Amino acid sequence: MAPKRIDAGGRAMIQARGLGKRFGDKRVLAELDFEVADGDFLVVTGPNGSGKTTLLRLCVGLAAPTSGELDIPDRSLIGYLGHDPLVYRELTALENLNLYGRLYRILQRRERIGMLLERFGLWDARNERTGSLSRGMLQRLGLCRTLLHEPALLVLDEPYSSLDAEGATLLDSELADLRPTRTLVVATHDPTRVARLASGRLALA
Amino acid sequence: MRRYLADAAVLARKDVLLELRGRETLPAMVLFVVSALVVFHFALPGEQSRLAALGLLWVAILFTALLGLGRAFVAEREHRLLDGLVLAPCDRSAIWLGKVAATFVFLLLAEAVALPAFQLFFSGIDGPTVAAVLLADVGICAVGTLLAAMASAGRARELLLPLLFLPLAIPIMIGGVGAATVEHPARYLGFLGLYDVLFAILAWASFEYVVTE
Amino acid sequence: MFAAAALLLLVSGMTLALYWAPEDVDQGFSQKIFYIHVPVALTAYACFGWGAWKALRLLWKREQRYDLESYTAIHMGTIFGLLTLVTGSIWAKISWNIWWSWGERQLVLFLILFLFYSAYFMLRYSIDPGPQRANLSAVYALFGVALIPVSFLAIRIAGTLYHPAVFKRDGPDMTGEMFAAFCVCFGGMLALAAALYANELTGKRLDERLRDLREALA
């Protein structure tokens with residue numbers, strides 16, 4: 001169906017009607033209705049086990065709803081960072097980003113990757129196997145991977161987890177930079193951190 | 001088409017690079033197939049029959065392939081990396097093709113040791129046998145890779161793959177052993193080719209459904 | 001409705017087979033098991049085919065209800081497949097005084113299929129219910145219908161060399177009466193499978209409905 005217009009210029013990026021997801025006999029999400037328009041910043045909150053991760057996986061197409069309807073954009077427009085940075089531990093940071101860069105057909109791959117590694121403070125570690133990186137460094141690398149193809153829709157699951165103070169500040173300014181031009185869906189248990197940027201909030205129980 | 005093949009090549013090269021770094025799968029396959037041949041020597045009765053030995057060669061190849069296939073998606077499974085590949089905008093079947101290519105290379109290398117070892121321990125190997133092994137490899141890798149992706153989604157993954165794979169491998173065994181033992185192997189080779197084409201198309205078309213919901 | 005048809009057709013089919021159809025010249029009375037064995041085998045194929053068709057529909061439409069239908073059909077197929085193995089084995093025992101013969105192509109094929117579909121159940125039991133299990137089951141079910149002709153061909157190619165077909169059960173010399181009785185039996189067996197399928201499906205759908213209701217109330 002055609003995407004519904006919500007705001008003056010806002011086109012619906014994600015549209016959920018009666019969305020539900022169950023794993024076997026366990027119901028994780030039920031009867032969710034929401035919309036994310038182009039340019040929105042949706043914060044998803046809720047206690048552990050409330051289905052934040054499941055909802056985000058549905059929004060990027062990694063999982064399929066078991067009831068209701070869900071419209072999401074083409075996956076080439078989506079950048080997703082979950083609990084795992086999704087990098088091969090036996091390959092170096094550079095090799096990982098190169099692999100994704102090729103799969104996403106990034107033009108000027110070398111420059112783009114170099115720029116991201118610089119910005120997230122990983123340039124010096126670029127030739128180390130990612131298996132030897134700290135959890136915080138891996139999270140930064142995961143962010144590089146997510147931003148690599150300049151996605152129109154960014155879906156981030158607890159992006160501040162395992163980042164140190166410096167990394168968290170870096171992410172703050174990165175999100176502020178992305179805010180005007182991107183659509184964001186961010187799951188967090190600490191909504192105050194992104195409250196300044198948020199345009200809407202979805203609380204899961 | 002060129003992009004599709006390029007994607008598959010990038011993914012296959014990644015698997016070869018991972019193997020070069022980790023050196024986990026290929027040495028195990030080589031050691032396993034040689035050990036199996038030695039065990040088979042003692043399993044055969046004193047007066048060795050060439051036919052029985054050839055049959056066991058096929059068993060050794062099949063189980064070595066299973067060993068490699070069981071490892072095929074380990075890297076992807078450990079840190080949910082399949083998510084990363086599935087999210088990438090390339091055709092999902094390119095993930096399958098890349099994995100098939102990498103597994104095929106590993107299996108070929110293991111056989112490059114196994115066939116001469118068989119020649120040394122048991123008896124000579126003729127052209128039709130080599131041709132049959134190559135044809136069987138294609139089918140084994142095409143079907144096995146899809147089933148390995150399937151099995152890695154289940155709970156009892158290590159157990160599941162052989163159970164899923166062996167019934168589908170029976171026709172390969174019939175064709176392979178037939179081609180290696182009869183005088184006119186043409187129809188067995190033709191059958192193996194038919195199996196390859198049919199099941200490769202089926203696996204190629206259905207891989208997307210295996211890795212997505 | 002299917003149940004009534006099954007009862008009617010099977011009773012009349014067996015009556016025809018026992019009293020009307022002529023006795024086989026070579027095998028005598030023991031040939032009568034043919035009227036059970038072959039319809040059961042063909043019904044098993046029909047069930048596997050139906051299950052694969054539903055599997056294809058699932059992948060095509062991504063509608064979850066096809067999963068249950070496909071699974072139930074394959075479930076029925078496996079039961080009929082097992083019956084085929086048992087009746088075939090009994091026939092082999094009566095005719096040739098052996099329980100198992102690798103020379104008997106249909107039996108070998110059903111053994112392969114039985115192993116294959118047993119693995120299908122293992123696959124289902126090792127994954128939690130949901131869209132992923134539905135997809136994987138459907139893909140495997142489709143491999144099953146490809147395996148049937150391929151295995152058949154493989155056994156045929158190998159059979160002509162290893163195991164010369166000494167015994168031929170039902171040659172083209174089946175009389176008209178025999179064929180008619182066979183057709184009635186086959187129809188009855190199909191109706192029986194359809195009745196079991198419908199019954200099983202209703203039960204399982206009821207279970208699901210109950211679960212949904214319970215959750216709605218909770």
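Analyst: **Chain A against chain C**

In this predicted model, eight residues of chain A and five residues of chain C make up the contact. Together the two chains bury about 590 Å², and carbon and sulfur atoms account for 45% of that area. On the chain A side, the residues that lose the most area to chain C are A:Arg22, A:Gly24 and A:Arg27. These three together give 59% of what that side buries.

A:Arg22 stands opposite A:Arg27, which lies in β2(A). Strand β1 of chain A covers residues 12-23. Eight bridges join β1 to β2(A), and the two strands run antiparallel.

The pair belongs to an open sheet of three strands in chain A, in the order β2-β1-β4 with antiparallel pairing. Strands β2 (26-37) and β4 (67-71) of chain A are at the edges, and each has a single partner strand, so one side of each has no neighbour in the sheet. On average, neighbouring strands of this sheet are turned by 15 degrees against each other, direction ignored. Helix α1 of chain A, residues 52-60, lies across β1, β2 and β4 of that chain. The helix runs at about 55 degrees to β2(A).

Next, the packing. The largest nonpolar core has 194 residues. Among the residues with the most contacts inside this core are A:Phe34 and A:Leu55 of chain A, B:Leu147 and B:Met150 of chain B, and C:Tyr140 of chain C. Helix α5 of chain C, residues 131-162, gives the largest share of this core, with 16 residues. Apart from this core there is another, of eleven residues, including C:Trp91, C:Met178 and C:Cys185.

B:Leu147 links to chain C directly: beyond its neighbours within four places in sequence, B:Leu147 is in contact with C:Tyr140 as well as B:Leu161, B:Leu164, B:Phe165 and B:Leu168. Between chains B and C as a whole, 34 residues of chain B are in contact with 32 residues of chain C. About 3,000 Å² is buried there, with 75% of it from carbon and sulfur atoms. In chain B, the most area is lost to chain C by B:Arg155, B:Tyr209 and B:Glu213, which together make up 21% of what that side buries.

Within chain B, B:Phe73 sits in the loop between α3 (50-72) and α4 (74-78). B:Phe73 is buried, at a relative accessible area of 2%. Leaving out residues up to four places away in sequence, B:Phe73 touches B:Leu82, B:Lys99, B:Thr145, B:Ala148, B:Ala149, B:Ser152 and B:Phe207. One of these, B:Thr145, is 72 residues from B:Phe73 in sequence, yet the two are 8.6 Å apart in space, C-alpha to C-alpha.

Last, the cysteines. A search of the whole structure finds zero disulfides over all chains. A disulfide is a covalent bond between the sulfur atoms of two cysteines. The cut-off used for the sulfur pair is 2.5 Å. For C:Cys185, the closest cysteine sulfur is that of C:Cys183, at 9.4 Å, so the pair is too far apart for a bond. For C:Cys47, the closest cysteine sulfur is in C:Cys185, 17 Å away, which is also too far. C:Cys47 is buried at a relative accessible area of 9%, and C:Cys185 is buried at 0%.

Note on methods. Residues numbered from 1 in each chain as written. Chains lettered and ligands numbered in written order. Predicted model: local features only at pLDDT ≥ 70, side-chain atom pairs only at ≥ 80, totals over all residues. Heavy atoms only, no water. Core = buried A, V, L, I, M, F, W, Y, C linked by side-chain atoms within 4.5 Å. Buried < 20%, exposed > 50% of the residue type's maximum accessible area, 1.4 Å probe, protein only. Helix = DSSP H or I, 4+ residues; strand = E, 2+ residues; numbered from the N terminus. Contact = heavy atoms within 4.5 Å. Pairing = 2+ DSSP bridges. Axes fitted to C-alpha atoms, helices over the stretch in contact; angles between N-to-C directions. Buried area = accessible area lost by both parts, 1.4 Å probe.
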